[in-house]
Amino acid sequence: MKKISSLLMAVAAMFMVSCGGNAQKAAPAEEAAAKLPVGVQLYSVRGDMEADFKGTLQKVKAMGYDGVEFAGLFGNDPAQINAWCKEIGLEPISAHVPLAEMLEDIDKVIADYKAIGCTYIVVPYVTEERRPGGELFLQMVEEIRSIGQKAKEAGLTLLYHNHDFEFKKLESGEYGLDYLYSNVPADLLQTELDECWVKYSGLNPAEYLLKYSGRSPVVHLKDFYQEGEQEGDPYALIGLNEGEEKKSSAFEFRPLGHGVVDIAAIVEAATNEVGSKWLVVEQDKPSMGLTPLECAAKSRAYLKSIGC
């Protein structure tokens with residue numbers, strides 16, 4: 001009996017050591033689980049998407065992207081896009097949908113992007129009259145409230161994607177963007193902070209992101225380079241504000257890690273403090289002599305180099 005008892009004790013000790021060893025080995029896996037998945041805003045490769053929708057999805061998957069954010073369907077059927085995403089292994093995260101399109105037929109917008117499998121629909125940009133200080137700004141806030149309610153009822157979440165003009169201060173001294181988020185409740189509107197434009201506006205992107213902890217499920221990572229004082233209109237670089245002078249030497253979008261934005265600090269905040277669910281890469285226009293797809297690949301490689 002003593003021998004059997006000793007044997008059982010030895011086996012138990014070996015089991016405990018084994019469990020301890022496995023627990024220690026689990027730590028790196030737990031750390032890996034804490035990393036956020038990375039998507040790409042397909043506006044970055046819009047020309048490629050128009051020419052070869054499925055093939056471009058396959059290429060961004062091969063770069064290491066986990067998901068995609070749409071910017072137009074280019075005539076493709078939503079059910080077909082859903083099937084392609086499943087086949088390729090990409091999560092259809094969200095979609096940038098012009099506000100005018102949402103106002104015209106929000107039911108169709110919701111139906112299309114639910115069929116694709118998106119979790120979020122996003123207001124990507126507003127025209128001048130709907131910006132802070134514009135004659136329709138307050139109307140726009142109510143429009144977004146209404147769209148957010150419709151999205152919520154359908155099981156989607158509405159996000160707002162900022163530029164720099166939302167950081168214009170109102171008479172109250174409040175940024176227009178903050179006014180929007182304080183006047184539309186979080187259950188109807190979440191943030192999609194574009195950190196390039198936060199930085200361009202003179203704020204600290206990581207610190208500003210912290211302000212919206214728990215309300216920032218998708219964070220846009222975008223980098224830029226600026227030499228001296230900005231001349232002309234940066235939106236002219238991406239085909240907006242036609243007629244304005246382009247000054248590419250003063251301002252240009254860059255692949256992540258090749259501009260002035262502290263991407264690592266944003267990733268750290270989004271991952272460990274803000275509770276974000278996705279990091280989404282966007283580059284409005286290619287630079288550094290690279291194609292749009294090459295820029296997207298370079299940005300993904302940079303994120304891998306910092307542990308994403």
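Helices (H or I, at least four residues) and strands (E, at least two) are taken here as DSSP runs, numbered from the N terminus.

## Model and confidence

The structure is a predicted model, in which local features need pLDDT of at least 70 and side-chain atom pairs count only at pLDDT 80 or more, while totals for chains, interfaces and linings use all residues. Residues are numbered from 1 along each chain as its sequence is written, and side-chain values use heavy atoms, with hydrogens and water left out.

The protein chain has an average pLDDT (the predictor's confidence in each residue, from 0 to 100) of 88, and 82% of the residues score at least 70. Where pLDDT is low, the predicted coordinates should not be read in detail.

## Overall architecture

The secondary structure of the protein chain comes to 12 helices and 10 strands. Of its 308 residues, 46% are buried, where buried means under 20% relative accessible area, exposed over 50%, and partly exposed in between, with a 1.4 Å probe and protein chains only. Among contacts between residues at least 6 apart in sequence, 76% join residues at least 24 apart.

Helix H3 spans residues 53–63, and its buried residues are Phe-53, Gly-55, Thr-56, Leu-57, Val-60 and Met-63. The elements that cover these buried residues include strands S1 (38–41) and S2 (67–70), together with helices H2 (46–51), H4 (78–88) and H12 (292–305). An α-helix has 3.6 residues a turn, so residues three or four places apart point the same way.

At the start of H3, a side-chain oxygen of Asp-52 comes to within 2.9 Å of the backbone nitrogen of Gly-55, a polar contact in the sense of a pair of N or O atoms within 3.5 Å, of which, within protein, one must be able to donate a hydrogen and the other to accept it, residues adjacent in sequence counting only if both atoms are side-chain atoms. Just after H3, Gly-64 takes a positive phi of about 110 degrees. Within the helix, Thr-56 has a relative accessible area of 2% and is therefore buried; leaving out residues up to four places away in sequence, Thr-56 touches Val-45, Asp-48, Met-49 and Leu-293.

Leu-209, in helix H10 (residues 205–211), is buried with a relative accessible area of 0%. Not counting residues up to four places away in sequence, Leu-209 touches Leu-193, Glu-195, Ser-216, Val-219, Ile-266, Ala-269, Ala-270 and Val-274. Leu-209 and Ser-276 are 67 residues apart in sequence, and their C-alpha atoms are 9.9 Å apart in space.

Ala-154 belongs to helix H7 (residues 137–154) and counts as buried at 17% relative accessibility. Apart from neighbours within four places in sequence, Ala-154 is in contact with Ile-110 and Lys-114, and the C-alpha to C-alpha separation of Ala-154 and Asp-107, which are 47 residues apart in sequence, is 9.2 Å.

## Positive phi in loops

Phe-74, in the loop between S2 and H4, has a positive phi near 55 degrees although this residue is not glycine, and at 35% relative accessibility Phe-74 counts as partly exposed. Met-288, in the loop between strand S10 (278–281) and H12, likewise is not a glycine and has a positive phi of about 60 degrees; Met-288 is partly exposed, with a relative accessible area of 39%.

## Cavity and pocket

On a 1 Å grid over the protein atoms alone, a cavity is a set of points where a 1.4 Å probe fits but cannot get out, whereas a pocket is an open set with protein on both sides within 12 Å along at least five of seven lines, and lining residues have an atom within 4 Å of a point. Grid points are joined across faces, edges and corners, and a volume is the space filled by probe spheres set on the points. The count comes to 1 cavity of 30 Å³ or more, and the largest cavity has a volume of about 60 Å³. Its lining includes Val-40, Ser-44, Glu-282, Lys-285 and Cys-295, with H12 giving the most, 4 residues.

The second largest pocket holds about 170 Å³ of space and is lined by 13 residues, of which Val-267, Glu-268, Thr-271, Asn-272 and Cys-308 lie nearest its centre. Helix H11 (residues 263–274) supplies the largest share of this lining, 5 residues.

Notes. Contact = heavy atoms within 4.5 Å.
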